[in-house]
Amino acid sequence: MIISTKRRWLLLAVVSAGLLLITLDNSILYAALPTLVEDLGASSSEGLWIINAYPVVMAGLLLGSGTLGDRVGHRRMFLIGLVVFGAASLFAAFSTSPEALIAARAFLAVGAAAMMPATLALIRVTFDDERERNMAIAVWGTMAVVGSALGPIISGVLLQHFWWGSVFIINIPVVLVAVVATLFVAPRDSPDPSKRWDLLSSLLALVALVGLVIAIKETAKAGPAPAVIATAVLAAAIGGWAFARRQRRLPYPLLDFAIFRNRAFLAGVLAAGFALFAIAGVQLVTTQRFQLVEGFTPLRAGFLVAAVALGAFPTAMLGGAILHRVGLLPLITGGLALGSVGTVLVLMNFATSMGLLVTGLIITGSGFGAAMSVASSAIMGNVPARRAGMASSVEEVSYEFGSLVAVALLGSLLTAVYSATIDLPAGVPERARDSLDSALALAGEGAETNSALVTAASEAFDGAYLAVMIVVAAVLAVGALATGVLLRRHGPGSALSGPAHH
C-alpha cells in the first residue's frame, strides 16, 4: 500500500504525540512529588510507588502488547491504548488517597503499554525508504527525551495555577485529538490471527519485574528487612526463569531470545536502557534537590532540568541525518560517553556554579540525544518486518526498565545516604532522619533548633545527591564501554551495515 508523503509525516506527528504523552507521564510527577506527597499524606515509599507503578506495569505488559499488536493490528492497538489512557488520566486526577493514585497510575500504564509498541510499528510499516525511516525514527526517539524533559516544566506551570490533579487532566484533550487524527491518517494494517498472544507470559514478566523493583527498593532502605528482600528476589528469579522457559516452548513467543544475538540490536537495546536510566535519575534527584534545598518553585526546577532536552534535540536530529554516513558506533558509544562527562560536570558544580551545572546538563543531554535517536534505528533496522512488534516492545521495555530501575535504585539510594549521614542536632525527633521533607516539616513547626536542623538536613541531602550522580556517571561509562565492544566491527553506511547484520 503506497501512502502519500503528507500522510506519512502526519502519521509520524500523531504517533509522536502519543509517545510524548507516555513519556510525559513518566516524568511529570518528578517536580510535582513534594506537593503531591504533602497533599495526599503519602509516605516516602508510597511517593516512589506513585511514580514507579507506571513503568513497572508498563514494562511487564509491553512485550505482550507488541505481539498482540501483530495479531490484532497496530492501528487498533494504538486507538485502544489512547482510550484507556484518557480514562485512567481522569481517575488519577481525582484520586483522594495514595493507594487510589497508585492504582490509577497502574491503569495508565495499561493504556501506555497498548499504545507504545504500536507507535514504532506503525512507523516501521509506513516508511519504506530506509533513509526516510531513519529520520522518522530519530524524530520519534527525540520525543522520548523531549517528553521526559517537558514533564517537570509542565507540572511546574500547572502547579502554580491549579491543583496537582491538573497534571493528568491535560492528557485528555491530546488523547481526543490523537484518536480523531489516527482514524484519518493511520493505514489499516493487516492483522495476523496466526500470531498467538500469551497472557501468562506477560504476567510472569510482570512478577519478575515487581519482585526486582521491591528487592532494589528494600535493599537501598536505611533499615532493610531481609525477609522482604529474600521473598522479592525469589519472586523475581522464579518469574524470570518461568518466563524464559515458556518462551522457548511457545511456537509464537512474546520474546525470541535469538534476536539478541545481533550485536547492533543488542547495543541499541542497551543504549536505550542506559540513557533512560540516566535521564530519569538526573531529573528525579535534581528537581527534588533544588526545590527542597535551594527553595526553587516546581516550575523553576522543571526549567533547570529542561537543559537536558535543550542539549538533546539538535544532536538527535543530527544523529538521524548522518547515521548512514558515520554508522552506529560514534553516535551510540560516543553519546553515552559524552553523557557521562556531562554528569561529572554536574556533580562537581551543583552546589557552587549554576552556569557550569546547566552546561553539564546540556552536555549530558547532547550525548543522550545522539545515542537515543539512533538506538531505535539499530533496533528496528536489525529485525525482519514480521518481528516489528516484538522489536519495538523490546526497545520500550528497555526504556521503561531504565526509568524504573533509576527511580527504585537512585530514589532509594538518595533516601538511604541521607538517613545514614544526617547529623541530627540534640533534641530533634528521629523522624527527621526519614527524609528531607520530614526534617523541613519539623523545622517549620518552630523547633528551637530549626536552623541547625535545616543546615544538617541540607548537607546530608547534598551528600546523597553527590552519591547518586557518581552512580549515574559510572553507569553511563559502563554503557559506553559495553556498546563500544558490541559495535566495534559495525561500520558506517546505514543501520543495517557491517557484519552485525549478516
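How are helix 4 and helix 5 oriented to each other, roughly parallel or roughly antiparallel? In this predicted model, local features need pLDDT of at least 70 and side-chain atom pairs count only at pLDDT 80 or more, whereas totals for chains, interfaces and linings use all residues. Residues are numbered from 1 along each chain as its sequence is written, and side-chain values use heavy atoms, with hydrogens and water left out.

The axes of helix 4 (residues 98-126) and helix 5 (residues 130-161) come within 10 Å and cross at roughly 165°. Axes are lines fitted to C-alpha atoms, for helices over the stretch in contact, with angles from 0 to 180 degrees between N-to-C directions. Helices are DSSP runs (H or I, at least four residues), numbered from the N terminus. Helix 4 and helix 5 are therefore roughly antiparallel to each other (angles over 145 degrees count as such). From helix 4, Thr 119, Leu 120, Ile 123 and Arg 124 meet Arg 133, Ala 136, Ile 137 and Trp 140 of helix 5, contact meaning heavy atoms within 4.5 Å.

Asp 462 lies in helix 17 (residues 450-486). With a relative accessibility of 17%, Asp 462 counts as buried (under 20% relative accessible area, 1.4 Å probe, protein chains only). Leaving aside residues up to four places away in sequence, Asp 462 touches Arg 289, Val 293, Phe 350 and Ala 351.

The protein chain has a mean pLDDT of 80, and 89% of its residues reach 70 or more; pLDDT is the predictor's confidence in each residue, from 0 to 100. Over residues 493-502 the pLDDT is below 50, and this stretch has 29 contacts in the model beyond near neighbours in sequence.

How values were computed:
Helices (H or I, at least four residues) and strands (E, at least two) are DSSP runs, numbered from the N terminus. Angles under 35 degrees count as roughly parallel, over 145 as roughly antiparallel, 65 to 115 as roughly perpendicular and the rest as oblique. Buried means under 20% relative accessible area, exposed over 50%, partly exposed in between (1.4 Å probe, protein chains only).
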